[in-house]
Amino acid sequence: MKVGVLRERVAAAMASGMQRDEPEVVALTADRTKAMAVALAGLDDEAEVEVEELDVSTARTAAILGFHPEHVRRLIRTGRLRARRIGGDYRIRVTDLWPLLELRHREPGRRRLRRR
């Protein structure tokens, strides 16, 4: 899929998500939109990408989640976040961030992410 088309779809999803009455749904939609926007940043509109293969660095993952980059690395080392090592850094698929984003918007109670 072309990056420009994907950006349009992300913007449309954000616009429709903002129309919902449930604040948790709006917040989750905003978080997912932010994650996709960060993953697409710097890519040319004509570039072809696979949505399932979009990945980000630990620094960008930290920005998406609101964590320190070292905390992201700790999540990876403990098995709570899947990643692959490329060079001296990890790459995390955007789709692997969805469970962490959903944790923010769950009912109070057990909010821990289980190891895989």
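## Surface, core and helix packing in a predicted model

Met18 is partly exposed, because its relative accessible area of 44% falls between the limit of under 20% for buried residues and that of over 50% for exposed ones. This residue lies in the loop between α1 and α2, and although Met18 and Met1 are 17 residues apart in sequence, their C-alpha atoms are 25 Å apart in space.

The protein chain has a mean pLDDT of 88, with 91% of its residues reaching 70 or more. Within the chain, confidence is highest in helix α4 (residues 69-77), at a mean of 95, and lowest in helix α5 (residues 98-103), at 87. Where pLDDT is low, the predicted coordinates should not be read in detail.

Thr33 is found in helix α2, and it counts as buried because its relative accessibility is 17%, which is under the 20% limit. Not counting residues up to four places away in sequence, Thr33 touches Val10 and Met14.

| Residue | Relative accessible area | Class |
|---|---|---|
| Met18 | 44% | partly exposed |
| Thr33 | 17% | buried |

The largest nonpolar core has 27 residues, and those with the most contacts inside it are Leu54, Leu81 and Val94. At least two residues of this core are supplied by each of α1 (3-17), α2 (23-40), α3 (58-65), α4, β3 (89-93) and α5, while α2 gives the most, with six residues. Leu81 shows how such a residue is surrounded: leaving aside its neighbours within four places in sequence, Leu81 is in contact with Thr61, Val72, Leu75, Ile76, Ile92, Asp96, Leu97 and Leu100.

On the side of α3 the contact is made by Thr58, Ala59, Thr61 and Ala62, and on the side of α4 by Pro69, Val72, Arg73 and Ile76.

Note on methods:
Residues numbered from 1 in each chain as written. Predicted model: local features only at pLDDT ≥ 70, side-chain atom pairs only at ≥ 80, totals over all residues. Heavy atoms only, no water. pLDDT = per-residue confidence, 0-100. Helix = DSSP H or I, 4+ residues; strand = E, 2+ residues; numbered from the N terminus. Core = buried A, V, L, I, M, F, W, Y, C linked by side-chain atoms within 4.5 Å. Buried < 20%, exposed > 50% of the residue type's maximum accessible area, 1.4 Å probe, protein only. Contact = heavy atoms within 4.5 Å.
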